[in-house]
Amino acid sequence: MNHVREKVNSIMSAVLKIPVENSSEITRSETPVWDSLKHVELVFSLEDAFEITFSKDQLANLDTLDKIVDTIEGLKQHQDEA
Amino acid sequence: MKPATDSAIDAALTRASWQAPLFAHQLRRSELLPLTPTWQLHHTQIQVHRNQPFEFVATAMEPFLAFSGLKAEFEFGEYDDSLAFGNVSRAEIQVVSLDFNRYVSMSSSVLVDWLIQRIAHLRSLTTAPILVTNDAGLNDHLNSTLESHIAQLPSVFHCDVAAISKSLGPEFWDERSTYIAASKLSDRAVLHTAREFGLNWLPATVLPPLKAVAVDLDNTLYGGVLGEDGVDEIAITDEHLALLDQIVRLHEAGIFIAVVSKNERDDVDRLFASRRELTVLRDRAAVIAVNWRTKAENLKVVAETLHIGTDAILFVDDNAGELATTSAAIPDLKILHASSPVETLRGLKHYPGLFRFGGSSEDALRTADIRAAQEREIAIASAADTSEYLASLNLELHFRIDDRGGTARMHELTKKTNQFNVSLRRTNEAEIVSFIESPTGHAVTVALSDRLSNSGTIALILGSTDGTNVVIEEIDISCRALGRQIEDALLLTGIRLLNADKDPMTVTFRWTKGPRNKPAMDWLRTWVTEFREDGTAVMTWDRETVEKAISATPAELIKEDTQ
């Protein structure tokens, strides 16, 4: 598993207080504990841990684990290239 | 005191390891998230009245509250600009948190008048402490007016969110938050506000305050080791000076300062005499324990000298080993690892129990009073005739009844007094005011002075009377007033005053036996024969016996007019 996904899994598990398996896809619509309060905690924890800043459009679309990983990888790549 | 268990030592050291992430200049969720307490927490219920989200701040408070020994359950009211307070619960604490931008049609003065009226209404519905956050939008006029009005209301406290906004500047706000949180607060603003609530404001409301800070010297208050580097070579940097300023501020807030150091006393005296930067410390220290005894032994002496429990002391030292050893010897001691002067300064700004809402004129009296008490104790011990010595002190007891301007000090006494506290009721200021305003309730306060010092208001008697029988809810006498044999005159005169200056037939005392109120219980036993299981004890008032006890006290009794 790549480093980004592993780290996102760990943070998501700590914030939502649910086990996040390596291969699972977690979606906000199917995860009752992932409410608006937890979403705010999650996105700010991710920003802090990865030292990135999501745009407001990105914030609105981070509703699955896969999308979160993809967005972060995109931002990190952008940072590395800058 | 029982020796510390492994779990108690573990808890103390775990707590010490939390200091860096909790006191950090830049708070980080990634560092706060893993913190899980291994110690017991006191559960408290908090009701929040608001017109904006507060849930994000509440959730973020968890690790800060845990460090303070608290766990909060929040009840959130509906979003209500009108503050109707239609459903005020029995929560232990009430919080009012407003987005002041929602009242733009009102001028600052009209807004403050309206808000104070609403808070006063909330005050009438509950005696729980009320915390009110101010305008983070930095309307200084509104905030200063709000603060001065709030100071007039009992048990209502002004929470300065504007100070956080000022320190974070533009980073306090994050427009992106509006899309996901219906709030404009940035994550930094949420975390910093959560920290103030969790480490300062809520502990100041519900927990016993810390009464003393005991500081080490070498590599704590200056760089270097005095015994090795000498007086001239130890380094006092700007960061150390900022730390000393904070210690002065704590002293001005009424917290005792003690120096606890393993050094030669002569070297430290020479240090204080020649390094002017440290004069502020020498002049303010209530106890200077410099010798080669263990820190634990010295801290116990500090506690005894100041008449406080070791659980009311924060010990600051750069040496983690010393902290661990001392913690093992004194399990209820609070410890702060002085890893650097900057970190130590942050610790002294945030350690739970140090923060005070406002100060009192009594605060400035404390250290001078303790020094006078030390002089008295030495003189009493060496006096050939104790009674003669006490008579030579020219003691004066000044009695006031229902002093409405003194309710803040009354609350300080109910909150802080441990040794001479009969009921351990911990009546808050709003409850005291409510008591005084009731038809039969009264509060008698007593101030004490002698030729060595003015101790200020040192006692409270809170009770009710039907004209014949008196019921005493609270008796609190500050430990600074003990040791001058004034208890009988103070309490018996006070009880009589409470009964319109007439002898009652009976006096019923509410009592609770606690871990440290033996002096109060011993006094009560001299006047009461029966302690009932319902927590009451009845004294039959015998005029002759009471008069004899009062006249045996070497003090002038002065009744002051508070009308």
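Author: **The largest cavity**

The largest cavity has a volume of about 50 Å³. A cavity here is a set of points on a 1 Å grid over the protein atoms alone where a 1.4 Å probe fits but cannot get out, and lining residues have an atom within 4 Å of a point. Grid points are joined across faces, edges and corners, and the volume is the space filled by probe spheres set on the points. Across the whole structure, one cavity reaches 30 Å³ or more.

A word on the basis. The model is predicted: local features need pLDDT of at least 70, side-chain atom pairs count only at pLDDT 80 or more, and totals for chains, interfaces and linings use all residues. Residues are numbered from 1 along each chain as written, chains are lettered from A and ligands numbered from 1 in the order written, and side-chain values use heavy atoms, without hydrogens or water.

Two elements give two or more residues each: α2 of chain A and α9 (177-181) of chain B. Helices are DSSP runs (H or I, at least four residues), and strands are runs of E (at least two), numbered from the N terminus. The lining holds six nonpolar residues, three polar and no charged. Ala, Val, Leu, Ile, Met, Phe, Trp, Tyr, Cys and Pro count as nonpolar; Asp, Glu, Lys and Arg as charged; the others, Gly among them, as polar.

Next, the interface. Contact (heavy atoms within 4.5 Å) involves 19 residues from chain A and 14 residues from chain B. Together the chains bury about 1,600 Å², 66% of it on carbon and sulfur atoms. That is accessible area (1.4 Å probe) lost on being put together, summed over both parts.

Three salt bridges are counted between chain A and chain B. Each pairs a side-chain nitrogen of Lys or Arg with a carboxyl oxygen of Asp or Glu within 4 Å. In one salt bridge, B:R176 meets A:E47 at 2.5 Å, N to O. On the side of chain A that touches chain B, α1 (3-16), α2 (36-50) and α3 (56-61) each supply at least two residues. α2(A) gives the most, with eleven residues. By class, that side has nine nonpolar, five polar and five charged residues.

Last, B:E55. This residue sits in helix α4 (residues 55-60) of chain B. Beyond its neighbours within four places in sequence, B:E55 is in contact with A:L37, B:R50, B:F76 and B:Y79. The side chains of B:E55 and B:R50 make a polar contact at 2.8 Å. Such a contact is a pair of N or O atoms within 3.5 Å; within protein, one must be able to donate a hydrogen and the other to accept it, and residues adjacent in sequence count only if both atoms are side-chain atoms.

Conventions:
Buried area = accessible area lost by both parts, 1.4 Å probe. 1 Å grid on protein atoms, 1.4 Å probe; cavity = no way out; pocket = protein on both sides within 12 Å on 5 of 7 lines; lining within 4 Å.
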